[in-house]
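Student: Hi! Could we go through this model together, one topic at a time?
Tutor: Happy to. Here it is.

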Amino acid sequence: MHRLKHRPGLLPGGFAIVLAFALALWPGPVPAQTDPLAPTGRWSANTRGSAPLPPMGWNSWNAFYSDIDEEKVLASATILVDSGLAAMGYRHVNIDDGWWLKRRQPDGRMVIRTDKFPSAAIGPGDHTSFRPLTDRLHAMGLRAGIYSDIGRNSCGQVYTPNLANQPEGTIAEREVGLYGHVDQDIELYFAEWGFDLIKVDGCGIRGLSAETDHVRSGNYREFAPLIDMNTLGRTDIAAVQALYTEVGEALHRHNPDGDYLFSVCLWGSSNVRAWGKNLGNISRTSDDITPQWTRMLTNLDTVSTRALYAGPGAWNDPDMLFVGSGDFDADHMTEARSHFALWAIMNAPLIIGFDLRKATPEQLALFGNPGLVALNQDPAGHQAVPAYQSGDLQIFVKTLANGEKGVVIVNRGLAPIDAQLSAGHLKFRGDAEVTLTDLWSGDRQTFIGELPVRLEPRETLVFRATGARTLPGGLYVSEQPGDVNPAEDGVTTPRHDPAIHRGVIGWQGTRGSGEHPQYGGFGGAQADRSPFGEPLRIAGTRFDTGIGTLANSRIEVRNRGYARFAANVGIDDSAGPGERSVTFFVYGDGRLLAHSGPQPFGAPPQPMEVDIRGFALIELVVRSDANALEPLPVVWGDAALLRWDRNGGGTSARGGSGL
Ligand code: GLA
């Protein structure tokens with residue numbers, strides 16, 4: 001126990017950090033197998049597959065929908081290479097819906113549409129293979145991606161049957177999805193055909209109830225829906241999760257080198273925010289993007305407050321880029337730049353959805369903007385966190401591996417905005433110089449305190465910033481969301497987030513009652529905000545920085561060589577009075593290091609300071625003695641990982657992180 005250090009000098013009277021042996025005071029530990037809050041000492045977000053950085057590349061869907069062929073795919077692939085974009089990281093070339101002809105009977109082997117992909121016609125008969133195409137892409141230094149569905153049928157079949165290249169044949173032949181064929185298909189796509197990525201959609205378990213025309217007409221077999229996009233309560237979350245887990249296992253089995261990517265496409269349904277990160281490398285948070293500004297904002301909103309749910313190995317996916325089309329076409333480069341910059345700072349996969357044969361030099365230069373790509377591909381993998389949002393203005397700040405900050409300031413609206421970027425937004429000191437490098441122009445400027453900026457309609461400013469950190473000897477936990485995993489976020493009844501902009505999906509105009517909240521992420525853990533978006537506050541004390549979560553939560557935090565964990569803890573004022581209390585626990589590699597006393601509502605913030613030297617995984621657990629179903633917001637205020645010396649000058653057991 002030599003690592004545990006009680007430091008009473010740092011604590012106010014009456015408060016004590018109780019060390020491990022005092023766990024006996026806690027009313028009986030729950031057996032580990034049944035207690036989701038029991039420490040595991042293990043990072044539980046996905047580490048399978050290979051996605052240390054947000055994937056980059058190209059996908060056929062936004063460019064062509066399902067009207068695809070080999071020539072179109074290879075044309076954009078060639079331009080990726082020739083333009084230098086591939087060398088910058090745009091290496092994935094993903095074939096989306098439209099490649100399949102049928103599932104051969106009776107052996108169930110998938111058959112490729114050889115009229116569109118002639119190199120796949122290897123014969124004899126309807127024996128087809130994508131190997132010639134994946135070999136070609138690999139020889140170009142690229143990686144190849146394929147598309148399927150978790151159900152029996154595809155999105156095209158269910159929702160866009162009039163689009164080109166729908167599967168053909170009998171009912172069984174047209175069942176091209178993975179359902180019932182997971183092992184067979186994954187082995188075929190990866191071991192035999194040589195793909196590196198699969199995107200797995202979910203339409204086949206969503207839109208084929210007995211009442212649909214598809215089923216009534218005898219066109220497809222019924223699949224009692226597991227997903228109801230509009231009602232989480234009618235979604236069989238466990239069943240959906242089990243199906244995707246089966247695919248994850250098959251991918252693991254058939255890719256012994258681990259070099260693959262699993263793209264989960266559930267559009268934010270099925271409470272995927274809580275578990276997609278545990279098995280996918282990227283996970284969609286919203287329904288499809290369209291080439292419309294307001295729809296892009298919808299998709300942005302589904303990721304912008306979910307930084308804690310993403311990191312190396314498992315990224316939030318607000319859908320593919322639509323730069324090049326509609327509101328983001330060559331005549332709307334302001335909007336195109338904004339869309340691209342927002343995706344870059346959110347650590348979104350940068351997947352181009354444009355026929356690159358039509359790209360102008362200016363558009364290619366946007367995809368290839370080295371500063372923006374570096375912002376997205378920063379090795380620390382911390383998604384940006386909102387620093388300001390009101391009206392049409394948002395400021396997002398991303399902590400970079402070298403301690404600098406990336407910052408995006410966006411004007412979502414149609415009127416110019418005069419704004420102030422403050423050092424505080426960047427968690428830099430207001431009395432020291434801040435240097436900004438404009439990633440569009442390369443210009444540099446400095447300011448102290450705050451900088452007035454003007455944004456034209458839909459304009460986005462992007463900077464890299466250096467300055468004096470307000471926390472010199474470490475990082476706030478909310479500055480390093482890529483190293484945080486809300487293993488349990490306390491949400492017991494997932495709810496759709498009403499705060500997300502509801503852009504019109506397009507085809508239905510303003511008929512009906514409009515779009516409804518669809519992303520089941522309301523009440524999850526948040527950086528610098530309460531789970532419901534309020535400021536963090538304990539007994540009237542405001543914390544600009546910290547982790548807001550619900551009680552009955554367990555948050556994993558990677559410790560990259562820091563010596564101390566510090567926080568001020570308590571029930572968030574938004575919880576309101578009530579006869580319940582919470583207790584905060586800090587574990588290191590599964591061992592209890594410290595816990596607070598029981599904190600009732602209204603108790604002042606209680607400081608905790610814990611020696612974490614030598615522990616690689618810190619777990620922050622909050623238990624409530626109240627009804628476990630009550631969503632009770634709690635605060636890890638100013639939560640930080642620090643070096644040993646309070647002033648930042650000292651060293652930790654492993655030499656600190658260099659920040
Ligand atoms: C769904 C997905 C899209 C695309 C289409 C293909 O809508 O969300 O990204 O793959 O299916 O039909």
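Student: Let's start with a cysteine: is Cys-265 buried or exposed?
Tutor: Cys-265 is buried, with a relative accessible area of 1%. Here buried means under 20% relative accessible area, exposed over 50%, and partly exposed in between, using a 1.4 Å probe and protein chains only. A word on the source: this is a predicted model, where local features need pLDDT of at least 70, side-chain atom pairs count only at pLDDT 80 or more, and totals for chains, interfaces and linings use all residues. Residues are numbered from 1 along each chain as its sequence is written, and side-chain values use heavy atoms, with hydrogens and water left out.

Student: How many disulfides does the structure hold, then?
Tutor: One. Cys-155 and Cys-203 form a disulfide, with their sulfur atoms 1.9 Å apart. The link of Cys-155 and Cys-203 is right-handed, with 85° about the S-S bond.

Student: Which parts of the chain does that pair link?
Tutor: Distant ones: Cys-155 sits in helix H5 (residues 155–159) and Cys-203 in the loop between strand E6 (197–201) and helix H7 (213–216), 48 residues apart. Helices (H or I, at least four residues) and strands (E, at least two) are DSSP runs, numbered from the N terminus. Both Cys-155 and Cys-203 are buried.

Student: Switching to the ligand, which residues come nearest?
Tutor: Of the 13 residues around the ligand, Asp-96, Asp-97, Lys-199, Asp-201 and Asp-288 come nearest. A residue counts as near if one of its heavy atoms lies within 4 Å of the molecule or strand in question.

Student: And where are the polar side-chain atoms that face an oxygen atom of the ligand?
Tutor: One of them belongs to Tyr-147, lying 3.4 Å from a ligand oxygen. The side chain of Asp-97 has an N or O atom 2.7 Å from an oxygen atom of the ligand, and for Asp-201 that distance is 2.9 Å.

Student: How much of the ligand does the protein bury?
Tutor: The protein buries 94% of the 310 Å² that the ligand exposes when taken alone. Those areas come from the Shrake-Rupley method with a 1.4 Å probe; for residues, only the protein chains shown count as cover. H5 and E6 are the elements that give two or more residues to the shell around the ligand.

Student: What about the shell by class?
Tutor: The shell has six nonpolar, one polar and six charged residues. Ala, Val, Leu, Ile, Met, Phe, Trp, Tyr, Cys and Pro count as nonpolar, Asp, Glu, Lys and Arg as charged, and the others, Gly among them, as polar.

Student: Now the backbone. Which peptide bond into Pro-106 is cis?
Tutor: The one from Gln-105 to Pro-106, with omega near 5°. Pro-106 is placed in the loop between strand E3 (100–103) and strand E4 (110–112). The bond from Gly-123 to Pro-124 is cis too, with omega near -5°, and Pro-124 is in the loop between E4 and helix H4 (131–139).

Student: Why point these out?
Tutor: Because most peptide bonds are trans, and most residues other than glycine have a negative phi.

Student: So what is the phi of Trp-267?
Tutor: Phi of Trp-267 is near 50°, a positive value. Trp-267 is found in the loop between strand E7 (261–264) and helix H9 (272–279), and is buried at 3% relative accessible area. Asp-528 has a positive phi as well, about 65°, and is buried, with a relative accessible area of 10%.

Terms used
Disulfide = S-S within 2.5 Å. Polar contact = N/O pair within 3.5 Å; in protein donor to acceptor, adjacent residues only side chain to side chain.
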